[in-house]
Structures are given as structure tokens and as C-alpha cells.
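Notebook open, viewer on. I'm jotting down what I look up as I go.

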Amino acid sequence: MKIKGILIKPLGNGTGEITEVEVNKNNLDDYYSLIECSLFDVVDIDSNNSIYVDDEGLIKTYFDENDNRIPPKYFTIKMNALRGSRTLAGNGLVLGINYKTGDSVDTTLSIKEIESMVTFEDKEFSKTYSFPNPQFISF
């Protein structure tokens, strides 16, 4: 059974594509192929929709067509007031979710709604956001 989703694909330099896609809900290979990953994580957007993203997006090494190393590509998605916003690496696949069964279903969001929620980032994540500097103290 095919379900309707929306693919968010950052291209770098603050640009990206948002397109409607169909996936076979019983075939995770469709999810992996669209997200371009081998492991994914799921982030709730609202009470009816989730976004599937590359679980290793922050630690992957990416290369351009000339085999030059390039930084990961990011996008920020604004959710509701309770969930705030999240900056995510790599492609994102928006699907609906049936919380009673756990099944993926058609997204209830339109491309226009996703376009209003997404900002494609034009800087490297590590230069835009600061990471904590953990210190280990032995006792």
C-alpha cells in the first residue's frame, strides 16, 4: 500500500527542494532510499505527522561529484509552540502517523505548509551552533 509523504532535500547554500512522494508503507527500503541513509530516526512534528531523518546525518562524511569532502546539508523545521524547532542533517521524509497502531499513513500536511515551516541552512552546523565542552572529573 502506497502512502503520501513529503521529501525535504537540502542542497546546500541555503537552498533545497520540497516534493511530494509516495512510499510503500510496508517497505522500509523506500524510506532508506529517499532519506539516503542506512539508519533513521523519527521526530514528531505535531500530533499527526513525523519526520524521518538520517540518524547518522551529523557524523557522516559527504563528497561532491569530484570526491571533495563537503559539509552535511541542514534544514530547520519549525513545529508547534510546544515542540519548538529542530535543525536536522540530510534529507527528511514527512509522513503521517497513526498513534493507535504505530503505522505510517498519509501526511496531513501540504507542501505549502512544509515550505512555511522549513528553512534551508547555508552555514555549517558546527559554525552556526555551539556545542557544549564536556569535562570529565575523576573522583
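This is a predicted model: local features need pLDDT of at least 70, side-chain atom pairs count only at pLDDT 80 or more; totals for chains, interfaces and linings use all residues.

**Entry 1: the pocket**

Which residues line the largest pocket? I found K9, P10, L11, I35, E36, D54, K60, Y62, K73, G90 and N91 on the list. Residues are numbered from 1 along each chain as its sequence is written, and side-chain values use heavy atoms, with hydrogens and water left out.

I had to look up "pocket": on a 1 Å grid over the protein atoms alone, it is an open set of points where a 1.4 Å probe fits, with protein on both sides within 12 Å along at least five of seven lines, and lining residues have an atom within 4 Å of a point. The largest pocket has a volume of about 230 Å³, a volume being the space filled by probe spheres set on the grid points, which are joined across faces, edges and corners.

I sorted the lining into 4 nonpolar, 2 polar and 5 charged residues. For that, Ala, Val, Leu, Ile, Met, Phe, Trp, Tyr, Cys and Pro count as nonpolar, Asp, Glu, Lys and Arg as charged, and the others, Gly among them, as polar. Strand β1 (residues 2-12) gives the largest share of this lining, 3 residues. Strands (E, at least two residues) and helices (H or I, at least four) are DSSP runs, numbered from the N terminus.

**Entry 2: rings**

Next I checked aromatic pairs: rings of Phe, Tyr and Trp (its six-membered ring) pair if their centres lie within 6.5 Å, and planes under 30 degrees apart count as stacked, over 60 as edge-to-face and the rest as tilted. I got 4 aromatic pairs by this rule. In one of them, the centres of Y31 and Y52 are 5.2 Å apart and the planes stand at 90 degrees, so I wrote down edge-to-face. Y31 sits in helix α1 (residues 28-35) and Y52 in strand β4 (residues 49-54), so this pair ties together parts 21 residues apart in sequence. Ring pairs also link Y31, Y32, F40 and Y52 into a cluster.

Are Y31 and Y52 buried or exposed? Y31 is buried, at 1% relative accessible area, and Y52 is buried too, at 8%. (Buried means under 20%, exposed over 50%, partly exposed in between, with a 1.4 Å probe and protein chains only.)

**Entry 3: around β4**

I stayed with β4: 6 of its 6 residues are buried, so the rest of the structure largely encloses it. Strand β3 (residues 40-44) runs antiparallel to β4 and is joined to it by 5 bridges; two strands pair if DSSP finds at least two bridges between them. V42 has Y52 as its bridge partner in β4. A hairpin of 4 residues connects β3 to β4. Strand β9 (residues 92-98) is also antiparallel to β4, with 5 bridges, and there N49 is partnered by G96.

**Entry 4: another sheet**

I then traced an open sheet of 3 strands, in the order β8-β7-β11, with antiparallel pairing. Its edge strands, β8 (85-89) and β11 (118-120), each pair on one side only. Between strand β7 (residues 74-78) and β8 I noted 5 bridges, and I77 has R86 as its partner in β8.

Last stop, F75: I found it in β7, buried at 0% relative accessible area. Its C-alpha atom is 8.4 Å from that of K9, 66 residues away along the chain.
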